[in-house]
Amino acid sequence: MIHFFRRRPTAARPIFAPLGADMHCHLLPCVDDGSRGNDETEVCLQVMHDAGFGKVYCTPHYQYPRFPNDEEDIKRRFADLKTDIASNLQKLDIELAGVAGEYRYDSVFGERVEKDSFLLIAGKYLLVEFSLSQQVMGYEDVLFGLQMKGYEIILAHPERYPYFAGNSPRLEHLKEMGILFQANVLSLSGFYGEGTQIKAFDMVNRGWVDFLGTDLHNPIYARALIENTHDRKVEKLIETHTFLNNTL
Ligand SMILES: [Fe+2]
(Lines give C-alpha, C1' and ligand atoms only; values in the text may rest on other atoms or scores of the structure.)
Protein backbone atom coordinates (compact mmCIF):
# COMPACT_ATOMS: atom_id res chain seq x y z
CA MET A 1 0.00 0.00 0.00
CA ILE A 2 1.31 3.48 -0.85
CA HIS A 3 1.34 5.99 1.99
CA PHE A 4 0.60 9.39 0.52
CA PHE A 5 0.86 11.15 3.86
CA ARG A 6 3.71 10.25 6.12
CA ARG A 7 3.23 11.53 9.66
CA ARG A 8 5.88 13.97 10.80
CA PRO A 9 7.74 12.76 13.88
CA THR A 10 6.79 14.60 17.06
CA ALA A 11 9.80 13.72 19.20
CA ALA A 12 13.52 13.61 18.56
CA ARG A 13 15.61 10.46 18.86
CA PRO A 14 18.87 10.80 20.84
CA ILE A 15 21.17 10.22 17.86
CA PHE A 16 23.49 13.08 18.86
CA ALA A 17 24.37 11.59 22.25
CA PRO A 18 27.92 10.71 21.03
CA LEU A 19 28.53 14.45 20.45
CA GLY A 20 27.58 15.43 24.00
CA ALA A 21 27.77 19.17 23.43
CA ASP A 22 26.23 21.53 20.93
CA MET A 23 28.66 24.37 20.36
CA HIS A 24 26.72 26.64 18.00
CA CYS A 25 23.20 27.97 18.59
CA HIS A 26 21.26 31.20 18.98
CA LEU A 27 19.22 30.45 22.08
CA LEU A 28 20.24 33.48 24.12
CA PRO A 29 17.01 35.45 23.67
CA CYS A 30 16.57 38.85 22.02
CA VAL A 31 20.14 39.56 20.95
CA ASP A 32 20.09 38.46 17.31
CA ASP A 33 17.83 36.64 14.82
CA GLY A 34 17.53 33.65 17.16
CA SER A 35 15.22 32.99 20.11
CA ARG A 36 12.72 35.73 20.87
CA GLY A 37 12.19 34.81 24.51
CA ASN A 38 12.74 32.29 27.28
CA ASP A 39 9.73 30.25 26.11
CA GLU A 40 11.26 29.68 22.69
CA THR A 41 14.62 28.88 24.24
CA GLU A 42 13.05 26.26 26.51
CA VAL A 43 11.21 24.62 23.61
CA CYS A 44 14.51 24.35 21.73
CA LEU A 45 16.42 23.05 24.75
CA GLN A 46 13.82 20.32 25.25
CA VAL A 47 14.30 19.17 21.66
CA MET A 48 18.08 19.34 22.00
CA HIS A 49 17.92 17.22 25.10
CA ASP A 50 15.68 14.69 23.33
CA ALA A 51 18.14 14.69 20.40
CA GLY A 52 20.87 13.56 22.79
CA PHE A 53 22.72 16.75 23.70
CA GLY A 54 23.78 17.10 27.34
CA LYS A 55 25.22 20.60 27.18
CA VAL A 56 24.87 23.68 25.05
CA TYR A 57 27.08 26.68 24.30
CA CYS A 58 25.18 29.77 23.14
CA THR A 59 26.86 31.65 20.30
CA PRO A 60 24.97 34.85 19.46
CA HIS A 61 25.85 36.76 16.31
CA TYR A 62 28.32 39.62 16.46
CA GLN A 63 27.74 41.31 13.16
CA TYR A 64 28.06 45.01 12.41
CA PRO A 65 25.73 46.89 12.08
CA ARG A 66 22.93 44.31 12.26
CA PHE A 67 23.76 42.74 15.63
CA PRO A 68 26.13 45.12 17.43
CA ASN A 69 26.48 42.92 20.50
CA ASP A 70 28.76 43.70 23.38
CA GLU A 71 30.51 40.95 25.33
CA GLU A 72 29.70 42.33 28.80
CA ASP A 73 26.00 42.68 27.95
CA ILE A 74 25.94 39.18 26.46
CA LYS A 75 27.53 37.69 29.59
CA ARG A 76 24.97 39.49 31.79
CA ARG A 77 22.06 38.27 29.68
CA PHE A 78 23.38 34.73 29.75
CA ALA A 79 23.65 34.79 33.55
CA ASP A 80 20.07 36.14 33.73
CA LEU A 81 18.81 33.42 31.39
CA LYS A 82 20.37 30.70 33.53
CA THR A 83 18.78 32.17 36.65
CA ASP A 84 15.38 32.69 35.03
CA ILE A 85 15.03 29.14 33.70
CA ALA A 86 17.12 27.33 36.35
CA SER A 87 14.35 25.03 37.60
CA ASN A 88 13.33 24.09 34.07
CA LEU A 89 16.96 23.43 33.10
CA GLN A 90 17.14 20.94 35.93
CA LYS A 91 13.94 19.25 34.73
CA LEU A 92 15.18 19.26 31.13
CA ASP A 93 18.45 17.72 32.28
CA ILE A 94 20.52 19.88 29.97
CA GLU A 95 23.33 22.26 30.88
CA LEU A 96 23.78 25.77 29.53
CA ALA A 97 27.53 25.37 29.62
CA GLY A 98 28.65 28.77 28.39
CA VAL A 99 28.19 31.76 26.15
CA ALA A 100 30.54 32.79 23.35
CA GLY A 101 29.83 34.23 19.94
CA GLU A 102 29.60 33.69 16.23
CA TYR A 103 31.80 36.50 14.96
CA ARG A 104 31.17 37.71 11.44
CA TYR A 105 34.27 38.53 9.42
CA ASP A 106 33.02 42.06 8.72
CA SER A 107 34.20 45.67 8.58
CA VAL A 108 34.81 45.85 12.36
CA PHE A 109 36.42 42.43 12.71
CA GLY A 110 39.91 44.01 12.53
CA GLU A 111 39.06 46.25 15.51
CA ARG A 112 37.96 43.22 17.48
CA VAL A 113 41.25 41.52 16.68
CA GLU A 114 43.20 44.56 17.92
CA LYS A 115 41.21 44.67 21.15
CA ASP A 116 41.11 40.89 21.63
CA SER A 117 37.41 41.33 22.34
CA PHE A 118 36.13 37.82 21.80
CA LEU A 119 34.12 35.38 23.90
CA LEU A 120 35.40 31.89 23.27
CA ILE A 121 33.62 28.54 23.26
CA ALA A 122 34.70 26.64 26.37
CA GLY A 123 37.26 29.42 26.92
CA LYS A 124 39.21 28.08 23.96
CA TYR A 125 37.64 28.29 20.50
CA LEU A 126 36.84 31.37 18.44
CA LEU A 127 33.86 30.78 16.13
CA VAL A 128 34.08 32.88 12.95
CA GLU A 129 31.58 33.11 10.12
CA PHE A 130 31.91 34.59 6.67
CA SER A 131 29.28 36.41 4.64
CA LEU A 132 26.61 34.06 3.34
CA SER A 133 26.36 35.92 0.04
CA GLN A 134 29.48 37.94 -0.81
CA GLN A 135 32.87 36.46 -1.45
CA VAL A 136 35.18 37.36 1.45
CA MET A 137 38.69 38.70 0.86
CA GLY A 138 41.89 39.00 2.85
CA TYR A 139 40.78 36.64 5.59
CA GLU A 140 43.80 34.32 5.49
CA ASP A 141 46.20 36.95 6.87
CA VAL A 142 43.73 38.04 9.55
CA LEU A 143 43.03 34.48 10.69
CA PHE A 144 46.74 33.70 10.64
CA GLY A 145 47.36 36.77 12.83
CA LEU A 146 44.79 35.44 15.30
CA GLN A 147 46.48 32.05 15.30
CA MET A 148 49.78 33.79 16.09
CA LYS A 149 48.04 35.34 19.10
CA GLY A 150 47.11 31.84 20.25
CA TYR A 151 43.47 31.60 19.15
CA GLU A 152 42.05 28.28 17.99
CA ILE A 153 39.68 29.21 15.20
CA ILE A 154 36.56 27.39 14.06
CA LEU A 155 35.00 28.38 10.74
CA ALA A 156 31.21 28.15 11.07
CA HIS A 157 29.32 26.09 8.48
CA PRO A 158 31.76 26.19 5.52
CA GLU A 159 29.20 24.19 3.53
CA ARG A 160 26.84 27.19 3.51
CA TYR A 161 29.03 29.67 1.62
CA PRO A 162 27.86 29.63 -2.00
CA TYR A 163 31.23 30.88 -3.27
CA PHE A 164 33.06 27.81 -1.88
CA ALA A 165 32.59 24.41 -3.52
CA GLY A 166 32.69 21.33 -1.31
CA ASN A 167 36.25 20.66 -2.47
CA SER A 168 37.31 24.29 -2.71
CA PRO A 169 41.11 24.85 -2.78
CA ARG A 170 40.54 27.92 -0.61
CA LEU A 171 38.87 25.78 2.05
CA GLU A 172 41.63 23.22 1.68
CA HIS A 173 44.14 25.99 2.33
CA LEU A 174 42.29 26.94 5.52
CA LYS A 175 42.48 23.31 6.65
CA GLU A 176 46.23 23.34 5.93
CA MET A 177 46.50 26.44 8.12
CA GLY A 178 44.90 24.49 10.97
CA ILE A 179 41.51 26.21 10.90
CA LEU A 180 38.84 23.92 12.39
CA PHE A 181 35.55 23.47 10.55
CA GLN A 182 32.05 23.20 12.03
CA ALA A 183 29.22 21.87 9.86
CA ASN A 184 25.53 22.31 10.67
CA VAL A 185 23.65 19.12 11.45
CA LEU A 186 20.63 20.54 9.61
CA SER A 187 22.76 20.87 6.46
CA LEU A 188 23.07 17.09 6.49
CA SER A 189 19.34 16.57 6.04
CA GLY A 190 18.83 19.23 3.37
CA PHE A 191 17.39 22.04 5.53
CA TYR A 192 19.39 24.61 3.53
CA GLY A 193 18.95 22.87 0.17
CA GLU A 194 20.42 19.96 -1.70
CA GLY A 195 23.64 21.71 -2.77
CA THR A 196 24.53 22.53 0.83
CA GLN A 197 23.65 19.00 1.88
CA ILE A 198 25.98 17.47 -0.72
CA LYS A 199 28.79 19.80 0.30
CA ALA A 200 28.31 18.97 3.99
CA PHE A 201 28.58 15.21 3.39
CA ASP A 202 31.54 15.76 1.07
CA MET A 203 33.41 17.79 3.70
CA VAL A 204 32.70 15.28 6.46
CA ASN A 205 33.88 12.42 4.24
CA ARG A 206 37.09 14.33 3.43
CA GLY A 207 37.76 14.49 7.16
CA TRP A 208 37.53 18.29 7.09
CA VAL A 209 34.77 18.67 9.69
CA ASP A 210 35.95 18.87 13.29
CA PHE A 211 32.72 19.93 15.01
CA LEU A 212 29.01 19.64 14.35
CA GLY A 213 26.59 22.31 15.54
CA THR A 214 22.84 22.70 15.47
CA ASP A 215 22.88 26.46 14.67
CA LEU A 216 19.40 26.34 16.22
CA HIS A 217 17.63 29.70 16.14
CA ASN A 218 14.04 29.05 17.16
CA PRO A 219 11.27 26.39 17.31
CA ILE A 220 11.12 26.18 13.50
CA TYR A 221 14.71 24.96 13.53
CA ALA A 222 13.86 22.71 16.48
CA ARG A 223 11.13 21.06 14.38
CA ALA A 224 13.72 20.48 11.65
CA LEU A 225 16.08 19.02 14.25
CA ILE A 226 13.43 16.50 15.30
CA GLU A 227 13.13 15.35 11.69
CA ASN A 228 16.91 15.38 11.36
CA THR A 229 17.14 12.76 14.12
CA HIS A 230 14.92 10.43 12.09
CA ASP A 231 17.21 10.65 9.06
CA ARG A 232 19.11 7.38 8.76
CA LYS A 233 21.92 8.99 6.72
CA VAL A 234 22.58 11.49 9.49
CA GLU A 235 22.45 8.81 12.16
CA LYS A 236 24.95 6.67 10.24
CA LEU A 237 27.30 9.61 9.82
CA ILE A 238 27.27 10.23 13.58
CA GLU A 239 27.92 6.54 14.21
CA THR A 240 30.86 6.33 11.83
CA HIS A 241 32.71 9.64 12.42
CA THR A 242 34.35 11.23 15.41
CA PHE A 243 33.99 14.92 16.19
CA LEU A 244 35.55 17.15 18.81
CA ASN A 245 32.22 18.12 20.40
CA ASN A 246 32.65 15.53 23.10
CA THR A 247 35.90 17.17 24.22
CA LEU A 248 34.06 20.33 25.27
FE1 LIG B 1 24.86 30.64 13.64
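Asp93 counts as exposed, with 9 C-beta neighbours inside 10 Å; a residue is called exposed if 12 or fewer other C-beta atoms lie within 10 Å of its own, buried if 20 or more do, and partly exposed in between, with C-beta atoms placed from the backbone. Asp93 is not a glycine, yet its phi is positive, at about 55°. The residue lies in the loop between α3 (86-92) and β4 (95-99). Helices (H or I, at least four residues) and strands (E, at least two) are DSSP runs, numbered from the N terminus. The model is a predicted one, in which local features need pLDDT of at least 70 and side-chain atom pairs count only at pLDDT 80 or more, while totals for chains, interfaces and linings use all residues. Residues are numbered from 1 along each chain as its sequence is written.

A positive phi also occurs at Cys30, a residue other than glycine, where the value is near 65°. Cys30 is found in the loop between β1 (21-22) and α1. Another backbone feature is the cis peptide bond from Tyr64 to Pro65, with omega near 0°. Pro65 is located in the loop between β3 (61-62) and α2 (71-84).

Helix α8 spans residues 219-228, and its buried residues are Tyr221, Ala222, Leu225 and Asn228. These four cover an arc of only 110° around the axis, which puts them on the same side of α8; the arc is that of the directions from the helix axis to the C-beta atoms. In an α-helix there are 3.6 residues a turn, so residues three or four places apart point the same way. The packing partners of the buried residues of α8 are α1 (38-50) and α9 (232-240).

For the chain as a whole, the secondary structure comes to 9 helices and 9 strands. The radius of gyration is 18 Å, close to the 18 Å that the globule rule gives for 248 residues, so the chain is as compact as a globular protein of that length. This radius is taken over C-alpha atoms, and the globule rule is 2.2 Å times the number of residues to the power 0.38. Along the principal axes, the C-alpha atoms fill a box of roughly 60 × 45 × 30 Å. Of the 248 residues in the chain, 39% are buried. Among contacts (C-beta atoms, placed from the backbone, within 7 Å) between residues at least 6 apart in sequence, 79% join residues at least 24 apart.

Key
Contact = placed C-beta atoms within 7 Å.
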